[in-house]
Amino acid sequence: IGRLTQDPELRYTPSGAAVTDLRMATSRNYTTKDGDRREETLYIDVVAWNRQAENCCQYLRKGSAVHVEGYLKMETWDDK
């Protein structure tokens with residue numbers, strides 16, 4: 001559960017499948033051992049496909065609250 005950090009933009013693959021990237025932020029509050037209250041924000045990239053991508057672009061905007069269900073996948077790249 002979090003909020004979108006930018007408006008979703010709809011695009012299509014060469015085969016015609018709709019796809020959009022959602023950028024969301026989620027925060028958690030916690031207290032340190034010393035009693036200090038802290039907030040930690042995590043930014044997550046979400047990819048929605050087909051009809052779900054179209055619905056996201058139609059109804060969601062920057063700041064919209066979203067609840068995402070799915071799985072996490074870590075990707076890394078090596079640049080020359």
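My entries follow, one topic at a time.

**Model.** I am working from a predicted model.

**Helix α1.** I started with the helix that spans residues 50–59, α1. Which of its residues are buried? I found Ala53, Cys56 and Cys57. I then looked down the axis of α1. The buried residues fall within an arc of 95°, so they line one face of the helix. What do the buried residues of α1 pack against? My contact list gave two strands, β3 (18–31) and β4 (37–49).

**Cysteines.** A disulfide is a covalent bond between the sulfur atoms of two cysteines. How many disulfides does the model have? I counted 0, with a cut-off of 2.5 Å between sulfur atoms. For Cys56, the nearest cysteine sulfur is that of Cys57, and it lies 6.7 Å away. Cys56 is therefore in no disulfide, given the 2.5 Å limit. Cys57 is in no disulfide either, with the sulfur of Cys56 as its nearest, at 6.7 Å. I also checked accessibility. Cys56 has a relative accessible area of 12%, under the 20% limit, so I log it as buried. Cys57 comes out at 13%, so it is buried by that limit too.

**Core.** In soluble globular proteins, nonpolar side chains tend to be buried together. I looked up the largest nonpolar core here and got 10 residues. They are Leu4, Ala18, Leu22, Met24, Val46, Ala48, Ala53, Cys56, Leu60 and Val66. Each of β3, β4 and α1 supplies at least two residues of this core. Which element gives the most? It is β3, with 3 residues. I followed up one core member, Val46. Leaving aside residues up to four places away in sequence, Val46 touches Thr20, Asp21, Leu22, Met24 and Val68.

Last, I looked up the largest pocket. Its volume is about 990 Å³. I count 28 lining residues, and the closest to the centre are Ile44, Asp45, Val46, Val47 and Tyr71. The elements that give two or more residues to the lining are β3, β4 and α1. With 8 residues, β4 gives the most to this lining.

Note on methods. Residues numbered from 1 in each chain as written. Predicted model: local features only at pLDDT ≥ 70, side-chain atom pairs only at ≥ 80, totals over all residues. Heavy atoms only, no water. Buried < 20%, exposed > 50% of the residue type's maximum accessible area, 1.4 Å probe, protein only. Helix = DSSP H or I, 4+ residues; strand = E, 2+ residues; numbered from the N terminus. Arc of directions from axis to C-beta. Contact = heavy atoms within 4.5 Å. Core = buried A, V, L, I, M, F, W, Y, C linked by side-chain atoms within 4.5 Å. 1 Å grid on protein atoms, 1.4 Å probe; cavity = no way out; pocket = protein on both sides within 12 Å on 5 of 7 lines; lining within 4 Å. Points joined across faces, edges and corners; volume = space filled by probe spheres on them.
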